[in-house]
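Here are my notes for your first look at this one. Have the model open beside you as you go through the points.

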Amino acid sequence: MFVRIYTGEDGQSHLEEMIATTEPIHRIPTKPGEDLVFRTSTVNSFSDYHNPSRRQYLFVLDGKMEVSVKDGTTMLFHPGDVLLAEDMTGQGHITKAIDGTYTSVSMGIPD
């Protein structure tokens, strides 16, 4: 699953499923000095409404992560799923670990 989270004109975060690229190779440039962040949540972690600090791709490596927005939309991410996080303004979104912990890696992308 490939999902984008973004801030709409209403100032709220919204989730939309995207179509994954079908190209054999798709290169995305990164910023000089940008890094990858590997993160393992605490058991059954819950992060109330927040915004990402940068535009980023987040790849779920292990476990299950749930993302919710104010309109009630909730999506469950499994290993191999990708979230394009672009809701850097507005109310933001909620994340939580489901059934234990999840491990992810995030990569910042140019504005």
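1. Let's start with the rings. The count comes to 2 aromatic pairs, where rings of Phe, Tyr and Trp (its six-membered ring) pair if their centres lie within 6.5 Å. Look for Phe2, Tyr57 and Phe59, which form one aromatic cluster.

2. A word on what you're looking at. This is a predicted model, so local features need pLDDT of at least 70 and side-chain atom pairs count only at pLDDT 80 or more, while totals for chains, interfaces and linings use all residues. Residues are numbered from 1 along each chain as its sequence is written, and side-chain values use heavy atoms, with hydrogens and water left out.

3. How confident is the predictor? The protein averages a pLDDT of 92, and 100% of the residues score at least 70; pLDDT is the predictor's confidence in each residue, from 0 to 100. Strand 3 has the lowest confidence, at a mean of 93, and strand 6 (residues 74–77) the highest, at 98. Strands here are DSSP runs (E, at least two residues), numbered from the N terminus.

4. Buried is under 20% relative accessible area, exposed over 50%, and partly exposed in between (1.4 Å probe, protein chains only). The core has 14 residues, and Val3, Ile5, Leu15, Met65, Val67, Phe77 and Leu83 touch the most other members. Strand 1 (2–7), strand 5, strand 6, strand 7 and strand 8 each supply at least two residues of this core, with strand 5 giving the most, 4 residues. In soluble globular proteins, nonpolar side chains tend to be buried together.

5. Which strand gives the most to the lining of the largest pocket? That's strand 8, with 5 residues. A pocket is an open set of points on a 1 Å grid over the protein atoms alone, where a 1.4 Å probe fits, with protein on both sides within 12 Å along at least five of seven lines; lining residues have an atom within 4 Å of a point. This pocket holds about 350 Å³ of space, a volume being the space filled by probe spheres set on the points. Of its 19 lining residues, Arg39, His50, Gln56, Leu58 and Thr95 lie nearest the centre. By class, the lining has 7 nonpolar, 10 polar and 2 charged residues. Asp, Glu, Lys and Arg count as charged, Ala, Val, Leu, Ile, Met, Phe, Trp, Tyr, Cys and Pro as nonpolar, and the others, Gly among them, as polar.

6. The second largest pocket has a volume of about 210 Å³. Its lining has 8 nonpolar, 2 polar and no charged residues. Phe2, Tyr57 and Phe59 are among the lining residues, and these form the aromatic cluster from the opening point.

7. Two residues deserve a look at their backbone. Most residues other than glycine have a negative phi. Asn44, in the loop between strand 3 and strand 4, has a positive phi near 50°, and Asp99, in strand 8, has one near 60°. Asn44 counts as partly exposed because its relative accessibility is 49%; Asp99 counts as exposed because its value is 65%.

8. Last, find Met1, in the segment before strand 1. Met1 counts as partly exposed, at 36% relative accessibility.

Note on methods:
Rings of Phe, Tyr and Trp (its six-membered ring) pair if their centres lie within 6.5 Å; planes under 30 degrees apart count as stacked, over 60 as edge-to-face and the rest as tilted. A nonpolar core is a set of buried Ala, Val, Leu, Ile, Met, Phe, Trp, Tyr and Cys residues joined through side-chain atoms within 4.5 Å.
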